[in-house]
Amino acid sequence: MSSTSAEVYNPFDKLPDDILLKIFHDLTDFDLSAIRKVNKRFESVAKDRELVKNVSFTGCYQASTSLTVNYLQPIKSRIESLNLNYCYWLSSQCCDTIARCANLVSLHLLHISMSAKRLVALLASLKKLERVSVTVKNVREFQTLLDKNPEAQETMRGVKVLTIQVKNQPVHAQMMTMHFLAVTSFFEYCHSLEEFHVQGLFCTKGIPPYVVNPQIKKLQNLKNIHTMSVSDAIDPFARMFFFGALLEVCRLPELQFRTLLQPLVVHEHLQRKGDFVACMKRIEHLENLDISQTNATIPNEVYQLERAVHLQYLNVADNSLIDSQSLHTLADNCHHLISINLRDCHHLHFKRPEVDETGHEAVDMSGLQSLVVNCTALRHINLSGVHIHSKDFTNTGYTSLCHLLALNTEWRSISISPCCLSSKSTDSDHTIKKGKRTKITHVGGSIAKRARLGLQAPDLNMSGEQELSTELGKLVSACPHVEQLELIGAGFRPAFSKRYISEEMKHFRPCSDATSVDEEDILCVRHWKKLRYLQLSAVPGINSGGCLVAIARGCLRLERLLVAHLGLSPMSSYQDKLLLALPLAHNLKDLRCRRWLSFSCT
C-alpha cells in the first residue's frame, strides 16, 4: 500500500475558509482555543476577526489563567469586547494581557480580584473603552488614584456604560459603627456616561465600615445619563451609594430617564425627595421601570404610569396594592409593554373596594384580560405566586388562567403557579381525579395539605389530543413559540431567600387546587419544541417523574432545567426518572436540583 493511499482522508480539507468560518461561529471561545491546536489552517481561521472580536469566558470554569492568556495573546489587537465576569479564579497575569488589547471597546471584569492601583493602570492603557464593568476593592483608594492619573481620567471621559461593584466586606462586631464619607464621585469623570449600574453583594449580616455619599461638583458632566439601576441585593454600601448618586443626578433640570431599576426601595422615602419627584414627572420617555417590593398604587403621585406611553418593561412584583383597576390603567395607556412581572401580586384579580356575597373581595378578571388583549406586544409575563383558580372564571367565558393567556399567541416566557392549571376547584373534603382518591385538609383560605390515599402511576401514554385538552395544553397549542416556562408553587420561597429566611418556610403548605394537578396535566410541555428553560418548583403532583423523561425527549432545545421540592412525600421517586431524562437532554447546559422539601401536616 502506497503512503498516499494510507493517508487518512479529512473532508474538512476540501471546505473553503468561509464555510469553516460559519461552522466555527457556533463554537464557544473555549472550543476555539482547542480548535487552534488541530492544524495551522484551523488556527488561522479560528483567529479571524469576526470570530474573536467578541470574546467571552464567563461561566467557563475550564478557562484557567494560562489558557485565557494563551488565547488572548495572539488576537489582542482584534478583540473589541472581552467578558470575564465571574471568572474569579483568574490571576493578575490576565490583567497584564488585557492591558495590551488596545482596541477594546467593551470590558467586563465583575468579581475579578484586582487592586485599585492595577485597575487604574488598566484604564490608563485602554483608550477606546466605552462599556466597563469592574469590581472595586476600595472605592476611596480608587478615587484617590484616579484623581492622580490623567490618562485614566481620559479613558473614563469616553465611557458610556459603567457597572461598578464595591467589594466592601461587612464588619461583624457587637458595637458596629458606620462612617459616612462625602467625596467627589469617580463617575463624574465620565462626561459621555449614558448608563450607570451598581451591583451589590449578597451579605445578610454586618454593615460596611464606611459608606461613600457621592458628591457631584460638575453636574453637567452627567447630562447624557438616561439609565440607572441597582441590583436586588441586601448590600447597604451598594444601595446607599446608588441612591446617593440617583438623588444627585435628579437635580439635573432636563433629565429624562429611559430605564430606572431600583429594587427594595422604600416608596414613602422617595415621595419626600423633591428633585426625584420632579424628575419622575418627566416620565413620557421611560421604557424600563422596576419598582418591585414596594407598596405603591398604580397610578400614584410619583410614578404616573398612565403617562408612560413608551413603557416596555415593568416590574411591580411583591406589591399587594396592585389590583384589577391597576391592570386596566396599564392596558389603556402602556400599549408597548413587552414584559411585565406581577409575581406575588396577590390581589391583581380583585376589584376594590367591592366585596362579594361572602364578604370577601370581589373577583374581577377583566383587568388581566384587558392587559392580555390590549398590550399586543407582550411577550413575557410572570404571574407566579398568585392564586388564580378555575372558580375565578365563572361567567367569564374562560375556564382557567391558561385559557385566558392563550388569547396572546406570541408568548416567549410564562411563569405561573401550578394551582392555575387545575380545571376544577377542590372545594370538597374528598375529590376523585382520574381514578385517584385524594383527601384535602383545608388550612385557612386556599392553603391545604393533601395526603394521597392511593398513589397510582400517571398515564403518560396519552394521545396528543388528550394532552392538549388540559388547561396547560390549551396554552401549549395556542402559543408555539414559548421558550421559557416556570411553574412555581404559590407561597413557596427558596429556603435561603434573602427576604424570607424563617423556620416556617421549611413547612410549605401547597394550595389545594395545586394538589389536583399531576404529571398528566404537565405532560403537554413536551410539545413546546422551542423551549430552552424549564423550572418546576414546589409542584406537588410530580411523584413518579415520568413526565420529566417525556419532556426531555420532546424539548430538544432545552438548555436550562431547575427542579426543586417536587412531590408530596418521601414516597416520591422522581429522582430515578430524572436521571433517565438527563441523557436525553443533549443541549442541557445548566442543571439545578434541590432536595425534597417536607410538607407540613396539620
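## Burial and the overall chain

Buried means under 20% relative accessible area, exposed means over 50%, and partly exposed lies in between, with a 1.4 Å probe and protein chains only. This is a predicted model: local features need pLDDT of at least 70, side-chain atom pairs count only at pLDDT 80 or more, and totals for chains, interfaces and linings use all residues. Residues are numbered from 1 along each chain as its sequence is written, and side-chain values use heavy atoms, with hydrogens and water left out.

The chain has 602 residues, and 51% of them count as buried. Its secondary structure comes to 21 helices and 24 strands. Helices (H or I, at least four residues) and strands (E, at least two) are DSSP runs, numbered from the N terminus. Contact means heavy atoms within 4.5 Å. Among contacts in the chain with a separation of 6 or more, 79% join residues 24 or more positions apart.

## Gly158

Gly158 sits in the loop between α10 (150-157) and β5 (161-166).

Leaving aside residues up to four places away in sequence, Gly158 touches Leu129, Glu130 and Ser192. Tyr189 is 31 residues from Gly158 along the chain, and their C-alpha atoms are separated by 9.0 Å.

## Helix α14 and its cover

The buried residues are Ser324, Ser326, Leu327, His328, Thr329, Leu330 and Ala331. Their cover includes β12 (313-315), β13 (339-341), β14 (350-355) and α15 (366-374).

Two packed helices are described by the angle between their axes and the distance between the axes. Axes are lines fitted to C-alpha atoms, for helices over the stretch in contact, and angles run from 0 to 180 degrees between N-to-C directions. The axes of α14 and α15 come within 7 Å and cross at roughly 20°. The two helices are therefore roughly parallel to each other. Angles under 35 degrees count as roughly parallel, over 145 as roughly antiparallel, 65 to 115 as roughly perpendicular and the rest as oblique. α14 passes α15 in a left-handed crossing. A crossing is left-handed if the near helix is turned anticlockwise from the far one by less than a right angle, and right-handed if clockwise. From α14, the contact uses Ser324, Leu327, His328, Leu330, Ala331 and Asp332; from α15, Ser366, Gly367, Leu368, Ser370, Leu371 and Asn374. By class, this contact of α14 with α15 has 5 nonpolar, 6 polar and 1 charged residues. Ala, Val, Leu, Ile, Met, Phe, Trp, Tyr, Cys and Pro count as nonpolar, Asp, Glu, Lys and Arg as charged, and the others, Gly among them, as polar.

## Two further helix pairs

Helix α8 (residues 116-125) and helix α9 (residues 139-147) have axes that come within 9 Å and cross at roughly 40°. α8 and α9 are therefore oblique to each other. Their crossing is right-handed. Ala116, Lys117, Leu119, Val120 and Leu123 of α8 meet Glu141, Phe142, Leu145 and Leu146 of α9. The residues of the contact of α8 with α9 divide into 7 nonpolar, no polar and 2 charged.

Helix α20 (residues 546-554) packs on helix α21 (residues 574-581) at an angle of about 15°, with the axes 7 Å apart. That makes α20 roughly parallel to α21. The crossing of α20 and α21 is right-handed. Gly546, Leu548, Val549 and Ala552 in α20 meet Tyr574, Lys577, Leu578, Leu580 and Ala581 in α21. The contact of α20 with α21 has 7 nonpolar, 1 polar and 1 charged residues.

## Aromatic pairs

Rings of Phe, Tyr and Trp (its six-membered ring) pair if their centres lie within 6.5 Å; planes under 30 degrees apart count as stacked, over 60 as edge-to-face and the rest as tilted. By this rule the count comes to 12 aromatic pairs. Phe24 and Phe42 pair edge-to-face, at 5.5 Å centre to centre and 75° between the planes. This pair links distant parts of the chain: Phe24 is in helix α2 (residues 17-24) and Phe42 is in helix α4 (residues 40-46), 18 residues apart. Phe24 counts as buried at 3% relative accessibility, and Phe42 counts as buried at 8%.

Phe242 and Phe243 also form an edge-to-face pair, 5.0 Å centre to centre with 80° between the planes. Phe242 is buried at 0% relative accessibility. Phe243 is buried with a relative accessible area of 15%. Phe142, Phe186, Phe187, Phe196 and Phe241 form one aromatic cluster.
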